[in-house]
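Student: Hi! I have a new model open on my screen. Could you walk me through it?

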Amino acid sequence: LLRCLKFTAAAQDPPHFTQIGEGAVCAYPDPSLIEGLRLIVAADPNAPPTLYDLCAYLLERGLVKLKLPERIHSVTALPRNPMGKVVRTHLQTLLA
C-alpha cells in the first residue's frame with residue numbers, strides 16, 4: 001500500500017505526466033516478488049503512454065526504482081462508484 005501511495009503522489013505532483021488523463025494503481029500476484037505494481041490509466045487510445053516513458057518521468061520526479069510500476073494497462077475510463085471513487089476491486093477483476 002505504501003508503494004501505491006508514493007507512486008500516486010509522484011504521478012499527481014505537477015507537472016503531470018501529460019499522456020495520462022487519470023490513473024490508479026493496484027497490486028497483482030507475482031511469484032518472484034510476492035506482488036507487483038500495475039498502473040491502470042485512462043489515456044488516449046491512439047497514443048497510450050509507454051511503461052518506459054512513464055518510468056523515466058517518475059524517476060525524474062524522485063521516485064526510487066523499487067517503487068516503479070512493472071506493468072501498465074490502458075482503459076477508456078476507470079471504474080467508479082456512485083460517489084466518484086475508483087473501485088479498485090473492479091480493476092483487479094478487469095485485469096484478472
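Tutor: Happy to! Let's begin with a term: two strands pair if DSSP finds at least two bridges between them. Helices (H or I, at least four residues) and strands (E, at least two) are DSSP runs, numbered from the N terminus. This is a predicted model, where local features need pLDDT of at least 70 and side-chain atom pairs count only at pLDDT 80 or more, while totals for chains, interfaces and linings use all residues. Residues are numbered from 1 along each chain as its sequence is written, and side-chain values use heavy atoms, with hydrogens and water left out.

Student: Okay, which order do the strands of the sheet have?

Tutor: The order is S1-S2-S3, in an open sheet of three strands with mixed pairing. S1 and strand S3 (71–75) are at the edges with a single partner strand each, so one side of each has no neighbour in the sheet. On average, neighbouring strands are turned by 25° against each other, direction ignored.

Student: How many bridges join S2 to S3?

Tutor: Five, and these two strands run parallel. If you want a pair to click on, isoleucine 40 stands opposite histidine 73 in S3.

Student: And what packs on the sheet?

Tutor: Helix H3 (residues 88–95), which touches S1, S2 and S3. Its direction makes about 65° with that of S1. Those directions are N-to-C, along lines fitted to C-alpha atoms (for helices over the stretch in contact), with angles from 0 to 180 degrees.

Student: Switching topic: which residues make up the largest nonpolar core?

Tutor: Twelve residues, among them Ile20, Val25, Leu37, Leu39, Leu63 and Leu68. Such a core is a set of buried Ala, Val, Leu, Ile, Met, Phe, Trp, Tyr and Cys residues joined through side-chain atoms within 4.5 Å. Buried means under 20% relative accessible area, exposed over 50%, and partly exposed in between (1.4 Å probe, protein chains only). Strand S1 (20–30), strand S2 (34–43) and helix H2 (51–60) each give two or more residues to this core. A second, separate core has seven residues, including Ala24, Val75, Leu91 and Leu95.

Student: Which residues of H2 are buried?

Tutor: Leu54, Cys55, Tyr57 and Leu58. They lie on the same side of H2, because they cover an arc of only 160° around the axis, taken from the directions from the helix axis to the C-beta atoms. The face turned away from that buried side carries the exposed residues Tyr52 and Glu60. After H2 comes glycine 62, with a positive phi near 100°.

Student: Where does valine 86 lie?

Tutor: In the loop between S3 and H3. Valine 86 is partly exposed too, at 24% relative accessibility. Leaving aside neighbours within four places in sequence, its contacts are Ala24, Leu78, Pro79, Arg80 and Leu91.

Conventions. Contact = heavy atoms within 4.5 Å.
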